[in-house]
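Let's take a walk through this structure together, one stop at a time. Keep the 3D view open and find each residue as it comes up.

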Amino acid sequence: MTTQTSNQIAKAPKFRRPWLDFLQPLILLAPSGLWLLLLLVLPTLIIFELSLVPNIRPGEIVNPRNLYNYIRILDPLYLQVMVRSLDLAIKSTIICLIFGFPVAYWIAQIAPSRWRNLLLIGFVLPLWTSSLLRSYAWITILRPTGLLNSILSTIGLPTIDILNRNPAVLIGMSYSLLPYMVLILYAALEKLDKRLLEAAADLGANPIQTFLKITVPQTLTGIAASSFLVFITAFGDFINPELLGGASSMTAARLVYNQFLGPTQNWGFGSALSTTIILVVSLVIALLIKFGDATPRR
């Protein structure tokens with residue numbers, strides 16, 4: 001009798017509550033969703049609203065009118081600033097990839113396994129310091145009487161003057177973002193299938209052929225993820241262009257700063273610039289989500 005009763009209870013229909021299935025995920029997402037709503041969505045909407053008001057200043061009434069501020073971005077002067085920001089971001093990404101890939105490959109495949117974690121910690125150690133301190137350190141190195149020119153003078157070579165120019169900004173960006181490139185590439189290279197490398201060597205492939213046909217295809221998603229991350233960060237970088245670049249190194253982030261906190265005080269145009277940067281970064285993030293899976297191809 002007991003067994004039969006248990007079977008009847010087990011076979012009894014379970015009454016589901018659809019509203020409960022709908023409510024449970026919302027309860028779990030509520031804290032983070034509220035946080036994003038207050039600190040991301042609403043400020044972005046406010047910036048977009050301000051971008052539709054020409055020449056608005058602090059304290060003035062917000063009355064959205066037209067797309068004048070966005071059309072103003074197409075002015076050759078401001079368009080040159082946006083192009084320069086893209087140029088610096090692309091170049092710093094390429095430099096980080098060129099220097100970061102060999103380092104990540106050496107740590108992931110060549111260095112003894114017992115030292116890998118320590119090597120990674122040592123390589124990302126600069127990230128534990130403030131980005132301001134790192135930029136000021138490069139000022140000390142690159143200034144006309146700095147460490148670099150002192151060494152060049154000692155060995156009889158001509159000195160160079162690159163501080164407050166685009167090359168100095170490029171050096172600072174590349175130095176700051178190189179650890180991010182190495183970390184993501186290491187995660188992809190660590191899973192590299194060595195059996196394919198051995199098979200390629202047995203079939204007579206030279207190192208260049210092995211690299212192009214075996215290593216790169218397996219780590220292509222890691223390369224894409226690290227490159228997109230570095231590009232996004234470099235495009236919105238403010239500290240390095242501000243401290244290491246001069247007037248000729250004006251970037252989009254510095255231009256936005258000048259519109260909000262500089263002498264111009266044109267919040268409408270600054271909001272239009274900010275919205276444009278958000279759209280560019282969002283597009284890159286969408287590409288990162290689509291192509292930036294860190295799992296290497298097999």
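Start at R116, which touches I107, A108, Q109, A111 and Y186, leaving out residues up to four places away in sequence. You'll find R116 in helix α5, which covers residues 113–123. It's a buried residue, because its relative accessibility is 16% and the cut-off for buried is under 20%. Now look for W106: it sits ten residues from R116 in sequence, and the two C-alpha atoms are 9.5 Å apart. Before going on, bear in mind that this is a predicted model.

Setting aside neighbours within four places in sequence, S226 is in contact with M181, I184 and L185.

How many aromatic pairs does the structure hold? There are six. Another of them is W138 with Y175: here the centres are 5.6 Å apart and the planes are at 75°, so the pair is edge-to-face. W138 belongs to helix α6 (residues 131–142) and Y175 to helix α8 (residues 166–189), so this pair ties together parts that lie 37 residues apart in sequence. W138 is buried at 18% relative accessibility, while Y175 is partly exposed at 35%.

Look at F269: the charged end of R72 sits over its ring, 4.3 Å from the centre.

On to the salt bridges, of which the structure holds three. One joins D87 and K91, with the closest N and O atoms 3.2 Å apart. Both residues lie in helix α4 (residues 76–110), four residues apart, which is about one turn of the helix. D87 is partly exposed at 32% relative accessibility, and K91 is partly exposed at 40%.

D161 and R165 also meet through their side chains in a salt bridge, at 3.9 Å from N to O. D161 is partly exposed at 44%, as is R165 at 41%. While you're in this part of the sequence, check N164, in the loop between α7 (147–154) and α8. Its phi is near 65°, a positive value in a residue other than glycine. N164 is partly exposed, with a relative accessible area of 41%.

Then there's R254, bridged to E242 with the closest N and O atoms 3.1 Å apart. R254 is in helix α12 (residues 252–261) and E242 is in helix α11 (residues 239–244), so the pair ties together parts twelve residues apart in sequence. R254 is buried at 10% relative accessibility, whereas E242 is partly exposed at 32%.

Finish on the surface. A nonpolar patch there is formed by L34, W35, L36, L37, L38, L39, L40, V41, L42 and L45, which together have about 960 Å² of accessible area. To get your bearings, pick out L34, found in helix α2 (residues 18–51). L34 is partly exposed, with a relative accessible area of 48%.

Notes:
Residues numbered from 1 in each chain as written. Predicted model: local features only at pLDDT ≥ 70, side-chain atom pairs only at ≥ 80, totals over all residues. Heavy atoms only, no water. Phe/Tyr/Trp six-rings, centres within 6.5 Å; stacked < 30°, edge-to-face > 60°. Helix = DSSP H or I, 4+ residues; strand = E, 2+ residues; numbered from the N terminus. Buried < 20%, exposed > 50% of the residue type's maximum accessible area, 1.4 Å probe, protein only. Lys NZ or Arg CZ within 6 Å of the ring centre and 35° of its normal. Contact = heavy atoms within 4.5 Å. Patch = residues over 30% accessible without salt bridge, like charges linked within 9 Å, V, L, I, M, F, W, Y side chains within 5 Å. Areas by Shrake-Rupley, 256 points an atom, 1.4 Å probe, with all protein chains shown as cover. Salt bridge = Lys/Arg side-chain N within 4 Å of Asp/Glu carboxyl O.
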